[in-house]
Every structure is written in C-alpha cells, then in structure tokens.
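Reader: Can you walk me through this one? Keep it quick.

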Amino acid sequence: MSILDLDPSGFPLGPWAGDGTWTDSGFGGTIEAVTEGDLTVLRLTNVGPPAELTTTVPETEHWTVHLVASILVAPQWDANTVQVGANLIATPGGAWLIESVTTGTLPGRHLITMTSAGGFYLDGELLGTFSGGWMSPAVSIAAFGGEGHSWTLARLIAEDGVSPTLAADMAALVDQYLGGGLTASGTWSVTGAGVLTVGEDPIPDPPAATPGGSITPPPPPEPQLPPAGVPNAVIRRYSETMPTPVLDARSWPTDWAPTSVVDAEYGRVQVVVEGVDVTYYLDVPMEFPSWSRTEPFGSSEATLRFPQITAFHALPAWCVPGASVDIRIAKVAGGVQSRFAGVVVSFGHSEDDGVFTINATGAVMADDLQLRQPSFLTAPRDIGDVIAEVLNTAVSRRHSPVAPVVTGCQTSVLGGWEPRVTGYVQQLLATAITGGQQWTVRCDERAPIIALKDTTTVQWTVHNGQRGVQIDLAQDWSQAPNVLYGEGIGSDGGRWRNARYPNWRPDDTPPYPNANPSKTIRVGTTDSMTDTGAGVSDWQRRVGLPATGRFTQADRAKAIEVQTAAGIQRDGIVGPQTWAATFGTGSNTGTLECFYMPLAYSPAVMPRLYGPDGDDLGANPAYDANTLRVEEKIDFGQGVSKDEGARAAGEILARDIHPGWAGTVTFTDVDPQERSRFEIQEGLNGRIRGYRGTDLVVHAAAVDYSEDTVTVTVDTNARDYPRLDAIRDRERNATDPAKAAVKRLSKGSVTDARATFDAESPAGHIPRFALFSNLWSVIRVPFGSYGSVVRTEITTTAAREFSVAVFDRPITAAQLLGLVGNPLTAEENPWSNEDLDDAGMLMSWGWYQQPAGYWPGEYSDPDGETSAPLTGKLVDDASWDYASTQAPWLWVALIASGSCYVQGRFWPGAD
C-alpha cells in the first residue's frame, strides 16, 4: 500500500501536499514545474547553503521507496562533507549515494529504488546493499549543497512493505519514465536565474493544472440550509390528474376539473463548483440556474448567475476554466438527484445586466472541444466499439470510461477534423439502428453508456389543454422521406451507389475456338479440327460467308481483308489476333448509361417497376400520384457494404416515412401527473392524453430547465435532438446524415495507397481472349467520355511476360510495330517515343528490362537482377486520367512473350 505517491503532473505547487506532508527543512532554493521530454517534472534548484528536502510519513518497518529523478547540476561542496544522515543524496561527482553505495556519475533520468531489506536498485537492477532499517517519520529524500545545484523529480512512491512483485514494479516504472527519457549527458544546463534549457531552446513552464480535470471531481458536499435571514427557496410540486373532458359544440371542455391534486414541497436546488457549494456564496443566494439536457449525451449546457459577485471582487478560487459543475436537487423526502454534471468553459460579467455569469458544458459534451483527427483506412468495425474508443481517447476527459457494445452496425468512416461528439459520434448514432430501435449515448452524471432507446415505457403524463401545460406539436411532411438513396465504400475500397445499367451486357465475343492459342485456322481446317467443334462456321458467319465448316481459299481471301482493315499481319490465317479483330472483342457490350435505384422506398411513390439489372418491368400498380415524394440521400462512409447500407436504409425509412408529431411541451409552475417536472429528462417517454382525438406517446429528445418553466422537446418517432432541432427550424442540414447527405465523406478523403474505385460500373473490362506469341492485339473497351482509372489488373494464362498500352483513339497492330516494335525485345525503353503522344497513348506497362507479369514482385530490382517469379499478373494502383476521342471507347493493346489467354479490368475512379 502506498503511503506516499507524488506525481508532479498531478499535484499542485506551493505548499506540497500528497499522502504525506512535504517540508523544506532549511531549503534555500526554488521549486518549479517544467517539461522534461514528455513529462511534467519538478525542478529543484539550490541558491543558498546546503539544505535537505524531507517528507513526513508514518514510521514504517518494512518499506520501499521509488524515486524517478535526474541530476542536472551536481553539488559544489566537498564530498567529505556529505550529510550522512540523508537517506539519498547527490554528490559533487553527479552520482546518487545511499550510505556507502554510489551509482557513479549518472547523467539523465533514472529510477532509484531502496527497500527496508537493504536493497539499492538502479533502473531495476540491484546495485548494492546497505543496512536498511526503519523508515523514520521525517525521512530525507535528498541533500542539496552549493549554489546552482539542481535536480528534477518525476515520481516519488513510498510503499508500506516490500512488494513480492518488486521486479515487475520496477520494470513498469522504467518503461513509463525512461522509455522516452533524457539520457544523454551534457544536454541540460542551468543558467542565470535558473532557466532550464535543452541546447539553446528554453523549456517553458507548463500551465498550472486545471482544477477539476479528472474523471472523478471533488465530491459534492451535503446540501446546506440557507444562511440565517435568507429565505428557504423550495421547489414545489403541483400535479393534477385530469379526466377525459366533456366537449361542447365548439369542441371545448366544459366543467373540467382535476380528479386529484398533489401540492407539496419537492426539494431545493444545490449548485456545486469544484467541490464547493456555491448556492449561497458570500451568504447570498445565487439566481436559480438554467440548464439543458439532450439525447444523446445527457448534460448539455448550464448557466450560473451570481449577482453578489461584482467586478471589484477577485475571482473566487473555485472559478477556473475546467472546474467541475454539478447542479443537484436535494429532495425534501430524502436523497439527492443529479440534474447536470459538466465543466466551466467561460465566465464574466454580462453586458446586459452586469451579473457575473458562469457557463458550463456537459461532461460528455466537453469532448466536443477536441477534434477527431483524420483516420487511416481500417477494416469495418462495430459502431458501438468505435464510439467507445472515440469518447475514451479524449484527452483529460471528464467522464468515466465508456464500455463498448455490439450494435451490429458497421463503419470505418474516414474524414476527420470534426468535433468528436456532435461532428462524429452523432453521425455514427444517426444510422445505428437495430431491429427498428436506435442506439444512443446516455449519461447520468458522468457515467456514459451506449444503449438502445426505450420508446415504450411511459414515465410522465399530461392532458392536452390542462392549465400550465403548453403543447406545440406539428407534422412536417417535407421531412418524412419515402425514397432513400445511398452510397458507401466497401471494405475492399470499392464505392457503391446502387447503380443500374439496363443497356449493358457482357462482351459476347465467341471464345477463341482452340484451347491452345498457338493453334490457328488455315486453309483446310474444318470445324471438327477446332476444340469448340464450330470454330470455322462461327468465323464464316461473322464475316458474311456461307457456313460450310471448312476453311477455303475464299475464306483466306476474306481473312486478308479483315487483317488489312485491322492493320495486323496479312497472312490469311485466323489466329487469336485475327479472331479478335473479326469479332471486335471488348466492344460487344451495349451502352454505359445508368441510373441510381433507391436503397429503400415506398411503392406508392415509384411509377415504374424495375428488375435487378435496372430493366423496366412496366407500370407499378401500387403507385399513387397523390402521394408527395420526398427524397433523401445517406452517405454511409467507409467500410459499409451495399447490403448493410440497404438494411440500414430500410430501418431509417420505417422510422421516418411518417413524420410523426414533433415539437415542445412546456410546463409553467405545474408538473406532470407522476413526478416533478424537474425529473423529466432526455430519453423518458410521456403520454399526452386527448391530443387531436387520441393519446400520443412522445419521446423526450431534449429538456430545458429554468426556475419558472421546463420545456421538453418531444417526438413520436424518437429521433435525436439535433435532427428535431433542424426540423423545427425548417433547416435541411441536420446533424443526422439522413439530413446532411454527404457530410461524412466530404470532410475527409481516402488515405490508403489504394484509391477508391467504382465497384458497380461495368466499364473497363477486358474480356478473356487469346493472344498469339509476340503479336500485338488491339481491342476496343468501353470506359466513358472522360474520367480516371485508379487500379489496373491484367492476368495471362498460362503465365507470360507481356506489355500493355492504352490509347484514346484507334490504333492498329501495324502502327504499334512502327512506333514501338516488340517492347519485350527492345533494348531501350520504347514507351519514351514522343510520337506515341500524337498516337494518343495514355498509359503503358512492360518492356524488355521490366516486363509486366511479375506481380506482386517486379522482374528486376534497381541493379537489374531478376527478383520475383513469373506470375502472369499485373496489378497497378497508380491512377491516371483519360478523355476519349470517340466516347465511350479506349483502345487497349497487348502483346505477350508466348501464346496465352488474357483478361483484366481497369477500375474506374469513384468520383
């Protein structure tokens, strides 16, 4: 058990106070907090005669002391005058000394450990032994001697007993304090009035620790009665139980009176700032505080007003930024209920009335003062895990840790530099819906949890029209989407938008008729001699000749015509090159026109029915032209598949397709039937009886409290407060991504080496076709008018070395032979030929010294040595732009070192 545990990062300066009491026995020097590496430490500098620093602890027989410290400037007195009574001292040689055991010259920060058993350890290793014995009530930690002697204290722990895990304890301290510590000699110096420098740059003193900057603030004191002569301000509860009214001819209640009334004292408000009850500061009552709570996150804002503090008063000691604020109600019946828990963010005198005012933000909302830094691409994670991580990693958070939960909703959204709470966590919660129920972050006092909203249990009841209760509800059908579009990026980096390509079809070029691409069709070849059994007839039909099944001289002449038109070798033999030219391999695909299908929709607003591929199936019999169509788009961000997005969209549509009733219920000096109005908080459900002929169950999304009124923002659809606030103000950019469609991605970008590609576009496909050894083949492939390619994948079977080039205009094999010849045999890089620009070349891969086909390695390293096996694959994540001269086509030229089949894909960029 620690009887003394002092960490300079966590205790105040001035009179030192820990579990023990520090004294400065004749200490003629200065004590300052400075930064040393990544720590806040105490710098102790002697400016007078030798002095000791002692601490008073209980007299202990079995003990352990850990000291993390560094000697900056050694004492200047003679070693023979060392004060032998000191438990641990510094010597003129810059060593630590315990009785007769010395560390030797010791620059930098180190861990010194002593035990009552006589062990003396340096950085966790036994250095020597001494006599040990009792720890006296006044133990000298260090001796100072000579002007300018200076050392720093990073941690001091005195423990009752010798721990059986001493070795592990020392190892942990070494890791914590020495891992990034200052260990080089000659780095530190003290000059002038004790300014500490590293090299030439002074290390500034850190700001004073912010009071209340801990998860557990000072405990609030027990509520006190007002001082003598000050009225006892008690909140009363006045509740009426109203029967169903009898309505007159104008639908107004007649002779409507409560069946029962509760009229009693309820409690008193207590305001505590940094552990100090300020309700009657200076024996004068402060004004009744005002505060608010929201769903999600609980305590939101609070305002405290003190008429008794004038501009001539010094600021109270408890009025500091970051001080904890608690608003509580002490019930007359017993018990204290927390109504607000947060921290001070501003204070000053009001310009309007001169009243000293303190503004506070809630414990979780304080995290919103920090930005979420941009993330790197990660695997999809459950939203409940991500939210817990974001809230738990807030620096100096003012709430307890948040336990992760499994929501079943995935995300790995990128972006960044948005506020942690309202800018990020709120966005995640907006689409976190499971089984029709939305997840939220609840926070009572300073203990947030991730939980499903309760939308059924009724905790308070009012009757429409009763006195003291004002009900303002509305339906906004412009905010009730019945068509939801969406987009997202899957875990593989592919962006989806639920696109449909009704006029697209896969390339229908017949496969090359022989399994071995080096086997050709020439005069005398018959169908039976081809592997497909119809190779000759297929070719004859394509060129408009009679399908005789035998290749004749007439067929040879036709083949030469095809070869001449295509600019390929004119030999009258139908091989892979001529077969591709004959059938237009790659271009038999239809068109790239597309439209976007909703992820979820009401059949009543869809005039047409569509098949899975976007085919128009005819009129929709469920279509109702009288139904107002309201569209919205949700951006699901990174790591969400289209199936997951469709599921979430269905959940959101089910919740929002009817706008419900949204608005406010205001209580003025009256309470609901079951409880005080001050007990209504976010997340509780209420029943409004007799509203437009029915009883409504409403969900509290936010509550504003003041002395006279409590205003509850309610919604029958249980939406979060930011969404309701936007609806009520007729805005169209609520924090909910269902209202701010592309906010989650427009604030960030993909930071992985692999760019985002369009996972749905059929453009850029190289269909499987045959290549003849060392002959160019050119095919026409649909890409689009212009755009970018962010990933290239090409594979040959069997594995071959190959070259590829892409052009924005037609090019023939003959032209390629004239421009680059065969790149696989060229001794100089043929792709550097400037004439290729005029030919419209956009991108190229592979030549003699670096052929394609060795992915994931390369053919040669920088020294020209082969370093990877031949795989027949090319994968390139470099992006490049294109603009077609004959949209939507680009021309892809390929040549391989041996006969093979080839296929691949140019992945279009997502934007």
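Predicted model: local features only at pLDDT ≥ 70, side-chain atom pairs only at ≥ 80, totals over all residues.

Reader: How many helices and strands are in the protein chain?
Author: The chain has 11 helices and 58 strands. Both are DSSP runs numbered from the N terminus: helices are H or I with at least four residues, strands are E with at least two.

Reader: What share of the residues is buried?
Author: 51% of the 911 residues. Buried means under 20% relative accessible area, exposed means over 50%, and partly exposed is in between (1.4 Å probe, protein chains only).

Reader: And the accessible surface of the chain, what does that come to?
Author: About 39400 Å², with 52% of it belonging to carbon and sulfur atoms. The areas come from the Shrake-Rupley method with a 1.4 Å probe; for residues, only the protein chains shown count as cover.

Reader: Of the contacts between residues at least 6 apart, what part joins residues at least 24 apart?
Author: 70% of them. A contact is heavy atoms within 4.5 Å.

Reader: Switching to cysteines. How many disulfides?
Author: The count is 0, taking a disulfide as a pair of cysteine sulfur atoms within 2.5 Å.

Reader: Now Thr-113. Where is it found?
Author: Thr-113 sits in strand E10, residues 109-115. It counts as buried because its relative accessibility is 0%.

Reader: Which side chain does the Thr-113 side chain make a polar contact with?
Author: That of His-66, at 3.0 Å. A polar contact is a pair of N or O atoms within 3.5 Å; within protein, one must be able to donate a hydrogen and the other to accept it, and residues adjacent in sequence count only if both atoms are side-chain atoms.

Reader: What else is Thr-113 in contact with?
Author: Beyond its neighbours within four places in sequence, its contacts include Val-65, Phe-120, Leu-166 and Met-170.

Reader: Aromatics next. How many pairs?
Author: The structure holds 21 aromatic pairs. One of them is Tyr-281 with Trp-318, edge-to-face, at 5.2 Å centre to centre and 90 degrees between the planes. Rings of Phe, Tyr and Trp (its six-membered ring) pair if their centres lie within 6.5 Å; planes under 30 degrees apart count as stacked, over 60 as edge-to-face, the rest as tilted.

Reader: How is the pair of Trp-845 and Phe-906 described?
Author: That pair is tilted, because the planes are at 40 degrees, with centres 6.3 Å apart. Trp-845 is in strand E54 and Phe-906 in strand E58, so the pair ties together parts 61 residues apart in sequence. Both residues are buried.

Reader: Last one, Asp-508. Where is its place?
Author: Asp-508 is in the loop between strand E39 (499-500) and helix H4 (535-543). It is partly exposed, because its relative accessible area is 47%. Ser-587 is 79 residues away in sequence, but 8.9 Å away in space, C-alpha to C-alpha.

Technical notes
Residues numbered from 1 in each chain as written. Heavy atoms only, no water.
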